[in-house]
Amino acid sequence: CSERGTMRILVTGGSGLLGKAIEHVVTKQGGARDGEEWIFLSSKDANLTDLAQTRAIFEKHRPTHVIHLAAKVGGLYLHMKENLQFWRDNIRINDNVLHTAHEMNINRVVSCLSSCIFPDKTTYPIDETMIHNGPPHESNYGYSYAKRMIDVQNRGYRSQYGRKYTAVIPTNVFGPYDNFNKENGHVLSALINKTHTAKVEGSPLQVWGSGKPLRQFIYSLDIARLIIWVLREYEEVSPIILSVGEDDEISIKEAVEKIAETLEFKGEIVYDTTKSDGQIKKTASNAKLRSLLPDFEFTPFPQALKETCDWFLNNYDIARR
């Protein structure tokens, strides 16, 4: 492997929330090292559900390392409608990327899982050893099982071929370049958009669900720095949870109130309890991360939220909404 020579790092899903965050850290915050070349792919460059296109883009760039972020994703309600499609598309994407990397003798791949893969019926906090200990929440089982299979495949490449393929599990990520769509976006970003619209229109803010679910929100730029660290330093095949601590978990209601404060929304907030809440909580332990990286400093939630709201307002015309 070319550990000592030029590292060419291919990032799939490069135009999404995490891909853009890694690009920002690498290009704007001095995150790249000498001898590293970073290549960010978007779905315009290749359809990764197609094996031929996947091979062609790998042949074109000849990476030595891969950060695999590409996935078919959606909000809670879209997942509930289209579980089969989420399963099929993500299984294809992941197999195409991992096996093409193996065929091209790429020894290092870091893939991205999701906290929704955790068992629905479980004890808390959840840690990395518990991923396969029962079915995921039924609302998005197609996506969740497909993501779990990355861990199975990584272990196969490690045991049969000695590959250093691993995965990270972020909790609820938010930040610039997220999908702010009110129906299919991530919860925090959808709420930012909803709150902005309610403010502009002078209407009540309609929040889907009770506001009671608890989430560990983590800023995309923090996750980006951690994924780069994993690529360079983390040696295990077993995944690693990338999250703020258990004490930093907040309710959707608290998040809504903080968004309203940040955007200076003074109107009425209405919780529509006829809509599903999804999982009430999925508290994850970051003890493994803390044991390996005790001094990492997370961006405080109010600051990260303000930066995200500012980005949304300043890039309203180009934001995904």
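Does Glu36 count as buried or exposed, at 14% relative accessibility? Glu36 counts as buried, because buried means under 20% relative accessible area, exposed over 50%, and partly exposed in between, with a 1.4 Å probe and protein chains only.

Some ground rules before I go on. This is a predicted model, in which local features need pLDDT of at least 70 and side-chain atom pairs count only at pLDDT 80 or more, while totals for chains, interfaces and linings use all residues. Residues are numbered from 1 along each chain as its sequence is written, and side-chain values use heavy atoms, with hydrogens and water left out.

I will take salt bridges to begin with. The structure holds 15 of them, a salt bridge being a side-chain nitrogen of Lys or Arg within 4 Å of a carboxyl oxygen of Asp or Glu. Glu36 is in one, with Arg232 as its partner and 3.0 Å between the closest N and O atoms. Helices (H or I, at least four residues) and strands (E, at least two) are DSSP runs, numbered from the N terminus. Arg232 counts as partly exposed, at 23% relative accessibility.

Helix α7 also holds both members of another pair, Arg225 and Asp222, which sit three residues apart, about one turn of the helix. Their side chains meet in a salt bridge at 2.8 Å, N to O. Asp222 is buried, at 2%, and Arg225 is partly exposed, at 32%.

A further bridge joins Lys306 and Asp310, again with 2.8 Å between the closest N and O atoms. Both residues belong to helix α10, residues 301–314, and are four residues apart, about one turn of the helix. Lys306 is partly exposed, with a relative accessible area of 44%, and Asp310 is partly exposed too, at 30%.

That brings me to helix packing. Two packed helices are described by the angle between their axes and the distance between the axes. Axes here are lines fitted to C-alpha atoms, for helices over the stretch in contact, and angles run from 0 to 180 degrees between N-to-C directions.

Helix α6, residues 187–201, and α10 have axes that come within 11 Å and cross at roughly 60°. α6 and α10 are therefore oblique to each other; angles under 35 degrees count as roughly parallel, over 145 as roughly antiparallel, 65 to 115 as roughly perpendicular and the rest as oblique. On the α6 side, Leu188, Ile192, Asn193 and His196 meet a set in α10 including Phe301, Leu305 and Phe312, where contact means heavy atoms within 4.5 Å. By class, the residues of this contact divide into seven nonpolar, three polar and no charged. For those classes, Ala, Val, Leu, Ile, Met, Phe, Trp, Tyr, Cys and Pro count as nonpolar, Asp, Glu, Lys and Arg as charged, and the others, Gly among them, as polar.

The other helix pair is α2, residues 51–61, with α4, residues 83–103, whose axes come within 10 Å and cross at roughly 45°. That angle makes α2 oblique to α4. Leu51, Thr54, Arg55 and Phe58 in α2 meet residues of α4, among them Asn96, Val97 and Glu103.

My last item is Asn154, in helix α5, residues 141–161. Asn154 counts as buried, at 0% relative accessibility. Leaving aside neighbours within four places in sequence, Asn154 is in contact with Leu98, Tyr165, Thr166, Ala167 and Val237.
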